[in-house]
Amino acid sequence: MADRVYARIAARATREVLAEAWPAGRAKGAPPYVSVTVPGSTVTVRVAVELPFPSDVAALAGAVRERIAERVAGLTGTKVSRVVVVVEKLVTGGAS
């Protein structure tokens, strides 16, 4: 399977989580940037995101990590060995 397929699935999963985090589901930050590597029969995902401030950054990063692993494995059958979430920026406008 092409790397871009994994990247698209991971980006979509990330956008779903972030839509839930922003008030009224309207994200203000930049779209997630996803890169993947496929060492053998597993996939490693790195996603850079902008999160709302204030928010529980650790919980959001964990939710992104879990959703990506779940979706990639569920849709492709490929085991996700690692998901790295990098918070690039906090953007004002999050839930109080």
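The following dialogue discusses the fold and one residue of a predicted model.

Modeller: Local features of this predicted model need pLDDT of at least 70 and side-chain atom pairs count only at pLDDT 80 or more, while totals for chains, interfaces and linings use all residues. Residues are numbered from 1 along each chain as its sequence is written, and side-chain values use heavy atoms, with hydrogens and water left out.

Biologist: In what order do the elements of the protein chain run from the N terminus on?

Modeller: Helices (H or I, at least four residues) and strands (E, at least two) are DSSP runs, numbered from the N terminus. The protein chain holds two helices and three strands. Read from the N terminus, their order is α-β-β-α-β.

Biologist: What is the radius of gyration of the protein chain?

Modeller: This quantity is taken over C-alpha atoms, and the globule rule is 2.2 Å times the number of residues to the power 0.38. For 96 residues the rule gives 12 Å, and the chain's value is close to that, so the protein chain is as compact as a globular protein of that length. The radius of gyration is 13 Å.

Biologist: Is Gly74 buried or exposed?

Modeller: Gly74 is found in helix α2, which covers residues 57-76. Buried means under 20% relative accessible area, exposed over 50%, and partly exposed in between (1.4 Å probe, protein chains only). Because its relative accessible area is 64%, Gly74 is exposed.

Biologist: How far apart in space are Gly74 and Tyr33?

Modeller: In sequence, Gly74 and Tyr33 are 41 residues apart. From C-alpha to C-alpha, their separation in space is 21 Å.

Biologist: What share of the 96 residues in the protein chain is buried?

Modeller: The cut-off for a buried residue is under 20% relative accessible area. Of the 96 residues in the protein chain, the buried share is 40%.
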